[in-house]
Amino acid sequence: MPGSLEPGATAGADAAGYGGAGFRDMPLGAWAWAIFQGGRDPYVILITIYIFASYFTALVVGDGVKGQAMIATVSTLNSLFIAVTAPLLGASLERFGARKPGLLLTVALMVPLIAMLWFAKPGGAGLPILGTLWIFGIVGILFAYCEVIHNSLLMTAAGHRHAAHASGLALAAGNFFSVITLTFCLFAFALPGSPGTEAWTFLPKAPLFGLDAATAEPLRISALIAAGLMALGSIPLFLFTPDAPSTGVRLWQGVKEGAANLWLTIKLLRSERDMSIFLGSRMLFNDGMTALLIYAGIYAAGVMGWRMEMYAYGILLSIFAVIGGLMAARVDNALGPRTALIVEIVGCIICITAQIGMTPDTILYFWHYDAAAHAPLWDGPMFRTLPEVLFLMIGFGTAIFVTAQYATSRTMLTRLSPPDKLPAFFGLYALSGTVTVWLGSALVALFTGLYKTQQAGFVPIIALLVFGLIGLLFVKGGGRGEFRTD
């Protein structure tokens, strides 16, 4: 085992300078581990959140409510399948040892499937609507498997001393690459030819590469870009991140032994009170965060009426998500991951509550705004009114807290888990993040359908965050400088 995983090294982590650990002295394997997430996460940013999903509901399906219901159905089926299989995968990895072969397989399958979304044209032409939904579903499953395998490499790549920094850096890298990509797409494809940009001489006169706006190619190009980034971002990990040592156990034998170990791990939760409460609490607040990610772009496009603005929206929120990822490590070390999680969830609740009180003609529920009676805030092509700008600013806070929460949750698990059970607990971690994620999507669809507004669909998201927060208050451990040594 690497020295950072040995019990003696864990016990002496703080004495070894955990509090003084920084990005500069992280091993190359930890940087490569983080870069992989930098290439992987733009799929979530470009396809799931900001660009492709909102394009799919608005222009492919042509009905925001119907499209949202379709995506909710796919998410529900995905989560049910992942809930059964992801924990088994995590437990099997513990027996099989090596992680890279499985990681290579998931990436090799995801990249061409994501690229195929390019053929999903408006109105269901090209790739059929049902085919697009199948791709969403399959990639969603593979992406979850990829997360389990990648997460299980964290301690091998970084050790306890650098785990918080590598975890936060990985999330920041994903958003950083997304910012660069979204910025390029905005100026290369979305803004050229748009009203209000005639005097912007630095822009091309038309979308680059001859992309046709009439067939939504400036939006569909996001699929090819996400696929390319995933492939490129995986290269450093396979070259430089050390793999966990192989145990010599064959794959099928590893699955059988992993299933037995999974059952033992589940039984271990009886004696791991704090881990049990944490995973149960995360099951709720992660459902809320996941539903927020799935529907954030659809919500902004539907409520605010944004189309090409979604590129800029994604850029700005991704910048603040980078800040959230980088801040997570410092906040974790300063407060401990438990307290940091509490702060991040409360901040997210406040931001979502404020955001659903915004419309193009309403500010924070009660203030009516007449755009015709107010001069535009500026002469640019987008975000010209006060409600739009305030909607953006609230979104900045949401991006910071959501991203920091994901990084902190991962760090929290490493603090509560016995070192030798970390891969299996990461499988249960995936289970807690997926077993009831259908609930968030189902509640969003239910409330949206009942009240015929997208704002109503976000009310149950707030409820999930509140209940998850209450459960987290009963967790002991995860304080500043606290580590498991047994």
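Trp 31 is a residue of helix 2, where helices are DSSP runs (H or I) of at least four residues, numbered from the N terminus. The model is predicted, so that local features need pLDDT of at least 70 and side-chain atom pairs count only at pLDDT 80 or more, while totals for chains, interfaces and linings use all residues. Residues are numbered from 1 along each chain as its sequence is written, and side-chain values use heavy atoms, without hydrogens and water.

Trp 31 has a relative accessible area of 32% and is therefore partly exposed, a class that lies between buried (under 20%) and exposed (over 50%), with a 1.4 Å probe and protein chains only. Together with Leu 28, Ile 35, Leu 232, Ile 235, Leu 239 and Phe 240, Trp 31 makes a nonpolar surface patch of about 690 Å². Such a patch joins nonpolar side chains within 5 Å, from residues with over 30% relative accessible area and no salt bridge, a salt bridge being a side-chain nitrogen of Lys or Arg within 4 Å of a carboxyl oxygen of Asp or Glu. Helix 2 (28-40) and helix 9 (217-240) each supply at least two residues of this patch, and helix 9 gives the largest share, four residues.

Arg 40 also lies in helix 2. Arg 40 counts as buried because its relative accessibility is 2%. Its side chain forms a polar contact of 3.2 Å with the side chain of Asp 41; a polar contact is a pair of N or O atoms within 3.5 Å, one able to donate a hydrogen and the other to accept it, and for residues adjacent in sequence both must be side-chain atoms.

How values were computed. Patch = residues over 30% accessible without salt bridge, like charges linked within 9 Å, V, L, I, M, F, W, Y side chains within 5 Å. Areas by Shrake-Rupley, 256 points an atom, 1.4 Å probe, with all protein chains shown as cover.
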